[in-house]
Amino acid sequence: MPQLKYQRPTGTHDLYPGAERWVDDSDRRAALVETFRHLCRVYGYGEIRTPVFEATDLFTRSIGEGTDIVSKEMYTFTTKGGDSLTLRPESTAPVLRAFVENGLHARGGVTKLFYVATHFRYERPTKGRYRQHEQLGVEALGSDDPALDAEVIELALAFYRRIGISELTLKLNSVGSALSRAAYLTALKAHVEPHLGEFSEEGRARFAHNPLRMLDTKNARELEILRAAPALTEYLSDEERAHFETLCRYLQDAGVPYDLDPYLVRGFDYYTKTAFEIQAPSIQTAQNALGGGGRYNRLVSEIGGPNTPGIGFGLGIERTLLVLQEIGADMPPAPGPVAFLVTQGERARPVGVRILAELRASGISADTAYGASSMKAQLRAADRARARYAVILGDDEVAQDVVQLKSLTGGWQHAVPVAEIAEWLSGGRAPS
Ligand code: HAM
């Protein structure tokens with residue numbers, strides 16, 4: 001193949017119908033989004049949409065200066081007007097910004113929002129990790145009740161169950177608050193200090209500026225040292241411990257299995273109390289986190305709103321599609337049209353075009369081949385489109401005001417009056 005003049009940017013996907021790799025398939029992706037939207041409504045969540053870019057400061061302040069996302073991965077640019085904007089690397093901060101800016105907190109009670117959003121992170125692309133990715137997410141704002149944590153986790157798991165992924169691991173932790181973390185971070189640093197020489201330059205910088213972020217490392221030796229450190233959960237306040245225990249009990253009562261992981265801190269500075277991750281053991285890549293989330297009880301006030309606790313999650317659509325294809329899930333491609341118009345002769349074409357419009361007007365999916373071609377070629381096109389019926393029309397049919405309705409799967413053909421085609425196709429008059 002000659003060198004392409006233009007190629008999509010590294011780490012991005014083109015999405016189109018019928019793609020071989022499900023991660024590229026627009027129809028299967030749309031089906032996941034539809035299932036998620038429906039489920040969110042069942043749980044009482046309404047959809048929120050925010051801009052694709054925001055003030056850079058919103059992300060640096062909320063996600064945290066010492067995080068990978070802020071220090072290495074943001075697509076930041078300066079506008080002609082001199083403002084620094086960033087393509088959103090995640091949606092929690094933007095959703096909370098919108099919650100505050102639009103006064104949604106004034107409605108009182110718990111505000112339950114969901115989103116389907118594209119995110120941008122300048123990461124090293126590999127299977128399951130891209131520079132543009134989409135998340136299905138929720139944010140529930142206005143309560144610290146651990147029952148809400150349980151609901152949010154249950155919603156994520158219900159989504160995976162609904163789409164046919166049942167083999168999952170739920171990793172669970174509580175990261176406490178800035179206050180309880182202070183004592184923990186002192187202990188963590190005391191444990192790491194004698195080994196600091198074995199840490200990478202980045203690890204040492206984190207030790208100095210944001211020690212919790214040392215736990216985000218992928219470096220095997222650093223992990224080994226950190227795993228021998230005291231666990232954050234040992235430093236929780238009584239109230240935080242009680243909150244976590246209540247959540248665990250709710251999950252047990254609901255029959256939701258989980259693995260406690262005292263080292264799960266999840267790469268964002270905004271988490272308080274609950275942090276969780278949903279992993280798929282089946283996915284053949286290091287990027288096995290299908291989704292993750294947690295509480296952020298200080299974030300709304302940090303963004304400038306009233307003190308409002310909240311919890312949410314984000315599920316990666318691309319990784320979900322990779323798993324679905326890998327496990328051979330039952331997720332058929334989008335169906336072809338019900339009817340495919342096939343015409344022969346000059347007189348039949350305009351009549352056929354009118355029939356096509358009428359079928360569509362009555363909600364029956366219908367298509368045809370464009371450009372003059374033989375009946376045989378048109379029938380081949382109908383097969384290619386995976387149509388269920390061919391609506392065949394020649395001069396004789398036009399004269400008699402009928403069409404030949406041909407099943408493309410059942411091997412029968414009937415002459416059907418034009419006025420009755422829609423009824424045949426939608427009313428089940430056609431033999432199967
Ligand atoms: P996150 O863990 O960074 O959390 O992202 C959530 C999910 O998005 C990941 O588990 C993964 O499936 C997917 N994802 C993230 N980065 C990439 C990437 N580069 N390529 C492909 N997929 C990716 C958040 O973003 C938090 N805002 C979640 C949250 C909501 N916490 C509370 N509320």
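In the predicted model, helix α2 (residues 56-63) and helix α4 (residues 92-101) pack against each other, with axes that come within 9 Å and cross at roughly 110 degrees. Because of this angle, α2 counts as roughly perpendicular to α4. The crossing of the pair is right-handed. On the α2 side the contact is formed by L58, F59 and S62, and on the α4 side by A93, P94 and R97.

Helix α2 is mostly covered, with 6 of its 8 residues buried. The buried residues of α2 are T56, L58, F59, T60, S62 and I63. Helix α2 is followed by G64, a residue with a positive phi near 110 degrees.

Helix α1 (residues 26-42) takes part in two helix pairs, one with α5 and one with α11. In general, the packing of two helices is described by the angle between their axes and the distance between the axes. For α1 and α5, the angle is about 135 degrees and the axes are 10 Å apart. An angle from 65 to 115 degrees would count as roughly perpendicular and one over 145 as roughly antiparallel; α1 and α5 are therefore oblique to each other. The crossing in which α1 passes α5 is right-handed. Residues L32, T35, F36, H38, L39 and C40 of α1 meet L155, A158, F159, R162 and I163 of α5.

The second pair, α1 and α11, packs at an angle of about 110 degrees, with the axes 11 Å apart. This angle makes α1 roughly perpendicular to α11. The crossing of α1 and α11 is also right-handed. Contributions to the contact come from R28, R29, L32 and V33 in α1 and from I317, E318, T320, L321 and L324 in α11. L32 of α1 is accordingly listed in the contact with α5 and in the contact with α11.

Helix α11 spans residues 317-326 and contains V323. With a relative accessible area of 0%, V323 is buried, as the cut-off for burial is under 20%. The C-alpha atom of V323 is separated by 37 Å from that of G109, a residue 214 positions away along the chain.

Helix α9 (residues 238-253) comprises 16 residues and reaches 22 Å from its first C-alpha to its last, close to the 22 Å expected at 1.5 Å a residue. Within α9, the buried residues are E240, H243, F244, L247, C248 and L251. These residues cover an arc of only 135 degrees around the axis, which places them on the same side of α9. An α-helix has 3.6 residues a turn, so residues three or four places apart point the same way. D238 and D253, by contrast, are exposed on the other side of α9. The cover over the buried residues of α9 includes the helices α5 (146-163) and α6 (178-192) and the strands β7 (169-174), β8 (259-260), β9 (272-279) and β10 (289-295). Helix α9 is followed by G255, whose phi is positive, near 70 degrees.

Several individual loop residues were also examined. Most residues other than glycine have a negative phi. R266, although not a glycine, has a positive phi near 65 degrees. R266 is located in the loop between β8 and β9 and counts as buried because its relative accessibility is 15%. A positive phi of about 55 degrees is likewise found for D401, also not a glycine. D401 is placed in the loop between α14 (395-400) and β15 (402-407). Its relative accessible area of 47% makes D401 partly exposed, since residues count as exposed at over 50%.

S200 lies in the loop between α6 and α7 (201-209). With a relative accessible area of 29%, S200 is partly exposed. The C-alpha atoms of S200 and E222 are separated by 8.3 Å, while the two residues are 22 residues apart along the chain.

Key:
Residues numbered from 1 in each chain as written. Predicted model: local features only at pLDDT ≥ 70, side-chain atom pairs only at ≥ 80, totals over all residues. Heavy atoms only, no water. Helix = DSSP H or I, 4+ residues; strand = E, 2+ residues; numbered from the N terminus. Expected span 1.5 Å × (residues − 1). Buried < 20%, exposed > 50% of the residue type's maximum accessible area, 1.4 Å probe, protein only. Arc of directions from axis to C-beta. Contact = heavy atoms within 4.5 Å. Axes fitted to C-alpha atoms, helices over the stretch in contact; angles between N-to-C directions. Parallel < 35°, antiparallel > 145°, perpendicular 65-115°, else oblique. Left-handed = near helix turned anticlockwise from the far one by under 90°.
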